[in-house]
Amino acid sequence: MALDIMTEKSMQDILEKVQLQNAYLAAIAGADPGTVTVSGWDSVSEIVRAGLAPKIFKVGDQFICPWTDKATEKAYSWVWDIVHMGQVTLEDGREVPGMYLQAHYLTPFAIQFDHEENERATEPTFSGDYSYYTKNPDGSYKLGEVVVGQQIPAEKEYYHSAIKDPTGNICRYGYNRWSHSAYRQWLNSNSAEKGTWWKAQHLGDVAPNELKNRAGFLSGFEQDFLDVIKKVKIRTQLNTITDKEIGTDEETVDLMFLPSKEQLYGTLEGSVYNDEAFEYYKQVAGFEAPNNGNSTGRIKYKLDAQTSADWQRLRSPNRGYSSHTWHCYNAGSLNNSYATTAGRCAPACVIA
């Protein structure tokens with residue numbers, strides 16, 4: 001006679017299915033969201049796909065999973081907050097129900113949004129691939145008058161970024177375009193090897209300072225979690241200095257992303273694109289309308305020092321500069337700083 005041996009994993013699978021069935025029954029019965037126990041990422045994903053997440057979970061609920069900094073092998077308990085629910089657009093264009101998660105704590109270290117691109121021109125002749133800059137006596141940059149193909153004079157220093165920036169700020173302070181950022185590459189890399197998660201996005205792009213010492217962010221999560229988060233289409237505004245010809249905003253497809261200024265219930269940047277505010281921040285920010293002022297509800301603490309608040313990097317550019325991106329200060333107000341300034345973040349993702 002054959003016997004079926006119940007392994008620990010099969011028992012766990014059965015428990016998850018029972019909990020999932022109970023969740024469905026509770027949703028049908030009209031139980032209050034947040035009162036039902038669900039374990040296992042597969043069960044959470046199935047509930048979201050069925051469109052029942054708002055009936056079973058509530059904004060502010062938390063999930064906890066392991067995350068390991070693969071560069072140091074230090075393990076953490078990673079806490080996700082449910083910050084929003086709504087329709088999302090997947091990579092293939094389908095619109096489906098989605099549940100947004102955002103990190104409750106800030107990453108245990110900082111990353112540059114983008115390195116300054118003040119490469120000294122070392123090529124022998126001026127190239128049509130670059131805009132060239134010289135330094136003023138006060139250290140500021142000005143656009144140089146050059147002739148493509150002409151020899152670069154040895155007695156004069158020229159710098160360049162492939163981005164046409166009449167202010168020279170990208171050379172000094174980095175580029176504020178989310179799609180080209182080092183931060184985006186780090187968040188969406190599953191490489192566990194240090195020094196392998198970044199590649200240049202345009203001529204003159206420079207590797208972030210943290211590249212050689214950090215592993216890709218996704219490499220720290222277990223596969224059961226990675227299996228349920230999906231790549232979604234997000235839109236991010238563009239600056240008006242270097243990107244005006246591209247448009248007012250652009251679309252990327254990301255698994256992990258930094259929240260925008262608007263998603264943290266900040267004011268509309270430049271009145272050109274209305275990113276829907278996360279419901280969580282509408283509830284906890286303490287304002288009746290979007291506001292950039294101090295908000296205790298926006299304060300974030302460090303994963304590695306959970307009583308110590310710090311600022312977090314956002315993905316939105318300050319549209320009037322080529323080099324500044326928005327961030328949330330440790331007091332909860334929204335402001336902007338150079339893209340070169342390394343900062344921590346509280347990344348977001350979507351279960352769909």
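**Close-up 1. Lys58 and its salt bridge with Asp61.** Lys58 is partly exposed, with a relative accessible area of 39%; buried means under 20% relative accessible area, exposed over 50%, and partly exposed in between (1.4 Å probe, protein chains only). Lys58 forms a salt bridge with Asp61, and the closest N and O atoms are 3.1 Å apart. A salt bridge is a side-chain nitrogen of Lys or Arg within 4 Å of a carboxyl oxygen of Asp or Glu. Asp61 counts as buried, at 15% relative accessibility. The structure holds 13 salt bridges. This is a predicted model, in which local features need pLDDT of at least 70 and side-chain atom pairs count only at pLDDT 80 or more, while totals for chains, interfaces and linings use all residues. Residues are numbered from 1 along each chain as its sequence is written, and side-chain values use heavy atoms, with hydrogens and water left out.

**Close-up 2. The salt bridge of Arg235 and Asp249.** The closest N and O atoms of Arg235 and Asp249 are 2.5 Å apart. Arg235 lies in strand β10 (residues 232–237) and Asp249 in strand β11, so the pair ties together parts that are 14 residues apart in sequence. Strands (E, at least two residues) and helices (H or I, at least four) are DSSP runs, numbered from the N terminus. Arg235 is partly exposed at 30% relative accessibility, whereas Asp249 is buried at 15%. A network of salt bridges links Arg235, Asp249 and Glu251.

**Close-up 3. The surroundings of Lys261.** Lys261 lies in the loop between β11 (249–254) and α7 (279–284). With 2% relative accessibility, Lys261 counts as buried. Its side chain makes a polar contact of 3.3 Å with that of Thr267. A polar contact is a pair of N or O atoms within 3.5 Å; within protein, one must be able to donate a hydrogen and the other to accept it, and residues adjacent in sequence count only if both atoms are side-chain atoms. Not counting residues up to four places away in sequence, the residues that Lys261 touches (heavy atoms within 4.5 Å) include Glu269, Asn292 and Trp326.

**Close-up 4. An open sheet of four strands.** The strands follow the order β1-β2-β3-β18, with antiparallel pairing; two strands pair if DSSP finds at least two bridges between them. β1 (62–69) and β18 (348–351) are the edge strands, each pairing on one side only. Eight bridges join β1 and β2 (residues 74–89) in the antiparallel sense. Cys65 has Trp78 in β2 as its bridge partner.
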